[in-house]
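Dear colleague,

Please find below the structure I wished to pass on to you. My notes on it follow directly after.

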Amino acid sequence: MANIVVKKLNSTPIEELPVEIVERKGIGHPDSICDGIAEAVSVALCKMYKEKMGAVLHHNTDQVELVGGYAYPLLGGGDIVNPIYILLSGRATTEVFDKEKCETIRLPVGTVAVNAAREYIKKTIINIDLEKDVVVDCRIGQGSVDLVGVFDRENSIPLANDTSFGVGHAPFSTTENLVLKTEQLLNSKEIKKELPAIGEDIKVMGLREGKKITLTIAMATVDKYVNSIEEYHEIKAKAKAKVEELAKEYADGYDIEVCVNTADSDDCIFLTVSGTSAEMGDDGSVGRGNRANGLITPFRPMSMEATSGKNPINHIGKLYNILSNIIANEVAKIEGVKECHIRILSQIGKPVNEPKILDIELITDDGYEVSDIEPKAKEIGEYWLNNIEEVREKVISGEIKTF
């Protein structure tokens, strides 16, 4: 048995707090672009390593920097005059020595990384011109010898690359759920088809005060689909109406206020050429935005670790943050659980399925005790630790999101 502790969470349930703040940076936000690229590069490298070497080799591509470009957006269509610069860095296995053939096998890490980054941008920021508006530079280097050693030891269970921890919580509160669903709605294919002027750079900030939720939405618009100020305001009004309709489904019984592009003035609106503020000086980095559950939740336990781009084999910053959220969601489904917080701590060099501790904290419904739920909660924790390979494969296939 792993070291699993189940105990009472001595805290007021999130829904009963007088104030709650929740944020989500949408897929076109500069920080989220970096998260998405980092993860796309890692996934592509995993697939290349498995194809060429039969196994995923050491890599961490969580160092992506975006330097904003310069643009002149205009009603009816403007131009990006200075391209967005994206730097891919980090570490990866670029060559392997074949002892049988006494030769060095060189792996196309740089080419795979750049292609993955460009493909991700192409499918995510749909109005950008990849040929002239984006520069992707790769400076990924050879991995540390010591870390590669920890990674490559012959062991059926990979060994933790660091002494670190992951956190998760469940279920989502009404505010958390609404914030996430709002960004997903505004960036959905259906909305883009109906309102093509809505760009991908959407940030949603949710504030709940008692039974009132205020959503402040920063929403980029694409200039070639906006021909006048009047049309711009019509687009904002339609987006606002869509979110208000969504709120009826996910926040029934709450007073909802939706505010879109509150920084607008007579001579300044959120107009872009490409749909992202990355074109106009806004920079980005991996790990500055959403946590592994897709949200920024200052009223919940959080980790500072960037999840995107880290290898899915033994990097605790990735595995344990994802695993914590999976376990939290499973435990939260047990009858009598009102709220669940998970923390998992590793020790460097120890098997990833044998954490130093898996801490499960519970708020129970009236009439239930932690002791009633403890056996099932431990069973869930033990199951996922012993089936961590399932999590890994879902990450590599892109089934699990990291931001």
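**A loop with a cis peptide bond**

Pro171 sits in the loop that runs between strand E11 (165–170) and helix H5 (174–186). The model is a predicted one, and in it the peptide bond joining Ala170 and Pro171 is cis, with omega at about -10°. Most peptide bonds are trans, and most residues other than glycine have a negative phi.

**Two residues with positive phi**

Cys102 is not a glycine, yet its phi is positive, near 50°. Its place is the loop between strand E7 (95–98) and strand E8 (103–106). Asn261, also not a glycine, has a positive phi of about 50°, and it belongs to the loop between strand E14 (255–260) and strand E15 (271–272).

Is each of them buried or exposed? Cys102 has a relative accessible area of 60%, and therefore counts as exposed, the cut-off for that class being over 50%. Asn261 has a relative accessible area of 5% and is therefore buried, as the value is under 20%.

**The chain as a whole**

The protein chain contains 10 helices and 18 strands. Its radius of gyration is 23 Å; for 403 residues a compact globule would have a value near 22 Å, so the two agree. Along the principal axes, the C-alpha atoms fill a box of roughly 65 × 65 × 25 Å.

Of the 403 residues, 56% count as buried. The accessible surface comes to about 18100 Å², and carbon and sulfur atoms hold 50% of it. Among contacts with a separation of 6 or more, 76% are between residues 24 or more positions apart. As for charge, there are 46 positive and 65 negative charges in the protein chain, and their mean positions lie 3 Å apart.

In soluble globular proteins, nonpolar side chains tend to be buried together. The largest nonpolar core here has 36 residues, and Ile37, Val41, Ile86 and Leu88 have the most contacts inside it. At least two residues of this core come from each of helix H1 (30–53), strand E3 (59–67), strand E6 (84–92), helix H2 (109–124) and strand E9 (134–138). H1 gives the most, with 10 residues.

Which residues does Val41 contact, leaving aside its neighbours within four places in sequence? They are Thr61, Leu88, Ala113, Ala116, Ala117 and Ile140.

Thr111 is placed in helix H2. With a relative accessibility of 52%, Thr111 counts as exposed.

Tyr254 is found in the loop between helix H7 (229–250) and E14. Tyr254 has a relative accessible area of 16%, so it is buried, the limit being under 20%. Residues up to four places away in sequence not counted, it touches Glu15, Thr174, Arg208, Gly210, Lys211, Lys212 and Ile213. Tyr254 and Glu305 are 51 residues apart along the chain, and 33 Å separates their C-alpha atoms.

With kind regards

How values were computed. Residues numbered from 1 in each chain as written. Predicted model: local features only at pLDDT ≥ 70, side-chain atom pairs only at ≥ 80, totals over all residues. Heavy atoms only, no water. Helix = DSSP H or I, 4+ residues; strand = E, 2+ residues; numbered from the N terminus. Rg over C-alpha atoms; globule rule 2.2 N^0.38 Å. Buried < 20%, exposed > 50% of the residue type's maximum accessible area, 1.4 Å probe, protein only. Contact = heavy atoms within 4.5 Å. Areas by Shrake-Rupley, 256 points an atom, 1.4 Å probe, with all protein chains shown as cover. Lys, Arg positive; Asp, Glu negative; His and termini not counted. Charge placed at Lys NZ, Arg CZ, Asp CG, Glu CD. Core = buried A, V, L, I, M, F, W, Y, C linked by side-chain atoms within 4.5 Å.
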